[in-house]
Amino acid sequence: MAKWAAAMEMLLLVAVAAGAVAVVVAQAPPPPQCDPGLLSPCAAPIFFGTAPSASCCSSLKAQQGCFCQYAKDPMYASYINSTNARKMIAACGIPLPNCG
């Protein structure tokens, strides 16, 4: 009887631990949504080569996972691949992706 109670207690602990893991996994942040419109604070640095604002750098960091997608899109490639864009990304302390 004691072995059965101990086994049930262990099963309960495993079930509780599995539930805690499931909750943590369910609360993981979603991948970034690639929306070039979110980079609007970066228009002046891209077009005119001005220093990026904190808002621009924050937007770049949020969209960092989308850079290669933008670089391959004919609508945005000339902007994201421009010298000014590369300077802006570097000024924000973001590494340039290797989109190879």
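This note sets out numbered points on the fold, core, surface and selected residues of a predicted model.

1. Basis of the note. The model is predicted, so local features are taken at pLDDT of at least 70 and side-chain atom pairs at pLDDT 80 or more, whereas totals for chains, interfaces and linings use all residues. Residues are numbered from 1 along each chain as its sequence is written, and side-chain values use heavy atoms, with hydrogens and water left out.

2. Overall fold. The protein has six helices and zero strands, and its elements follow the order α-α-α-α-α-α from the N terminus. Helices (H or I, at least four residues) and strands (E, at least two) are DSSP runs, numbered from the N terminus. Of the contacts with a separation of 6 or more, 63% join residues 24 or more positions apart; contact means heavy atoms within 4.5 Å.

3. Surface and burial. The accessible surface of the protein is about 6,900 Å², and carbon and sulfur atoms hold 68% of that area. Accessible areas come from the Shrake-Rupley method with a 1.4 Å probe, and for residues only the protein chains shown count as cover. Buried residues make up 22% of the 100 residues. Here buried means under 20% relative accessible area, exposed over 50%, and partly exposed in between (1.4 Å probe, protein chains only).

4. Nonpolar core. The largest nonpolar core comprises 16 residues, and those with the most contacts inside it are Cys42, Leu60, Phe67, Ile80, Met88, Ile89 and Ile94. Helix 3 (54–63), helix 4 (67–72) and helix 6 (83–91) each contribute at least two residues to this core. Such a core is a set of buried Ala, Val, Leu, Ile, Met, Phe, Trp, Tyr and Cys residues joined through side-chain atoms within 4.5 Å. Leaving aside neighbours within four places in sequence, Phe67 touches Leu60, Ile80, Ile89, Ile94 and Pro97.

5. The structure holds three aromatic pairs. One of them, Phe47 with Tyr79, is edge-to-face, at 5.5 Å centre to centre and 80° between the planes. Phe47 lies in helix 2 and Tyr79 in helix 5 (residues 77–80), so this pair ties together parts that are 32 residues apart in sequence. Rings of Phe, Tyr and Trp (its six-membered ring) pair if their centres lie within 6.5 Å; planes under 30 degrees apart count as stacked, over 60 as edge-to-face and the rest as tilted. Phe47, Phe48 and Tyr79 form one aromatic cluster.

6. Nonpolar surface patch. Phe47, Phe48 and Tyr79 also make a nonpolar surface patch of about 380 Å². Phe48, in helix 2 (residues 43–48), is exposed at 68% relative accessible area. Phe47 is partly exposed at 49%, as is Tyr79 at 38%. Patches are made of residues with over 30% relative accessible area and no salt bridge; like charges are joined within 9 Å and nonpolar side chains (Val, Leu, Ile, Met, Phe, Trp, Tyr) within 5 Å. A salt bridge is a side-chain nitrogen of Lys or Arg within 4 Å of a carboxyl oxygen of Asp or Glu.

7. Gln63. This residue lies in helix 3 and is buried, with a relative accessible area of 2%. Beyond neighbours within four places in sequence, Gln63 contacts Gln33, Cys34, Asp35, Pro36, Leu38, Leu39 and Tyr70. Gln63 and Pro36 are 27 residues apart in sequence and 8.1 Å apart, C-alpha to C-alpha.

8. Asn81. Located in the loop between helix 5 and helix 6, Asn81 is partly exposed at 37% relative accessibility.
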